[in-house]
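Below is a short briefing on charged side chains and their partners. The sequence and structure come first, then the notes.

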Amino acid sequence: MSGIEQGAQRAGKIMLVGIGPGSVEHMTGRARAAIAEADVVIGYVTYIKLVADLIEGKEIIRKSMTEELDRAVSALEAARAGKKVALISSGDAGVYGMAGPTYEVLFQSGWTPDDPVQVEIVPGASALNSCAALVGAPLTHDFCAISLSDLLTPWPTIARRLDAVAMADFVVALYNPKSGRRTRQIVEAQRLFLRHRRADTPVAIVKSAYRRRENIVFTTLDRMADADIGMLSTVLVGNSNTFVRNGLMVTPRGYANKYDMEEGGATRDGERAGRSLSTGLLGWLDTLQAEHAGGASIEALAARYRLPADYIGATLAEPWQDESVAIGEGEA
């Protein structure tokens with residue numbers, strides 16, 4: 001047997017496992033199977049405790065919160081030695097988890113997808129999914145996630161992102177909102193959001209979702225920073241349409257814009273089922289062209305719609321045809 005064949009035979013595997021909130025019943029079947037087949041389990045000490053019932057008899061490597069790169073290096077070393085490694089993350093390994101730093105370490109070592117050491121990412125429910133499920137349906141419309149941790153990201157970068165999504169009316173999940181040493185970040189986030197959103201915008205704060213010390217608090221944007229928030233908390237900030245009713249936080253998808261919900265879902269005047277809103281792209285283009293032809297300047301239109309002037313100008317200059325005429329009615 002050649003040296004290359006021996007190396008291939010000895011090569012192990014790295015499985016980046018998202019364990020969701022941590023309880024076995026909220027893990028995927030593949031996540032449980034990956035941990036079961038692993039020779040070595042690597043993770044932050046708290047995550048190791050969450051899967052204690054699944055790792056008896058295995059080699060365990062525990063690392064602290066700030067040792068992500070060390071975890072990845074340990075995983076690669078074990079895999080090079082022919083072992084199957086489960087490198088675990090809470091939530092999803094690709095959402096503020098170990099997938100990114102592991103690939104950075106792999107690429108730095110010269111690894112490629114053709115390497116004998118194979119890598120599998122096992123997805124899991126992220127904190128925003130778990131927390132949303134506990135408070136209602138806050139993520140039914142467009143949303144994003146922003147980490148307030150400035151350990152690796154410059155604060156001006158975080159602040160620009162907060163300001164942009166607050167203005168754009170996203171529902172926002174704030175990860176790593178506060179710790180013993182990082183107490184002002186959530187205050188600055190609140191300050192930025194209040195530039196664009198009402199003080200009574202609904203906010204849900206979920207701590208330790210589906211874990212022993214789970215705690216849920218409903219509050220408002222103007223009171224958000226006064227709540228009990230820590231590193232195990234995820235903060236869900238609603239958009240301009242989000243509401244709380246009967247202890248449930250809900251963000252409407254927008255059906256009421258097209259259908260009369262009080263009349264059995266009948267289509268509103270000027271709307272068609274299965275078609276874009278009358279104020280969707282094509283309808284808006286009609287309106288934009290008419291307003292500009294009526295004397296509205298590009299700058300005035302940009303201010304009215306809170307869009308960049310160069311975008312408005314380029315849109316007005318672009319020839320277009322009503323797609324419903326061009327392709328017919330058949331859009332699902």
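E188 is buried, at 16% relative accessible area, where buried means under 20%, exposed over 50% and partly exposed in between (1.4 Å probe, protein chains only). The model is predicted: local features need pLDDT of at least 70, side-chain atom pairs count only at pLDDT 80 or more, and totals for chains, interfaces and linings use all residues. Residues are numbered from 1 along each chain as its sequence is written, and side-chain values use heavy atoms, with hydrogens and water left out.

- E188 sits in helix α8 (residues 185-194); helices are DSSP runs of H or I with at least four residues, strands are runs of E with at least two, and both are numbered from the N terminus.
- A salt bridge (a side-chain nitrogen of Lys or Arg within 4 Å of a carboxyl oxygen of Asp or Glu) joins E188 to R191, with the closest N and O atoms 3.1 Å apart.
- Both E188 and R191 belong to helix α8, three residues apart, about one turn of the helix.
- R191 is partly exposed, with a relative accessible area of 47%.

**Other salt bridges**
- The structure has 12 salt bridges.
- K83 and E59 pair through their side chains at 3.0 Å, N to O.
- This pair links distant parts of the chain, 24 residues apart: K83 is in the loop between α4 (68-80) and β4 (84-89), and E59 is in strand β3 (residues 59-63).
- K83 is partly exposed at 31% relative accessible area, and E59 is partly exposed at 36%.
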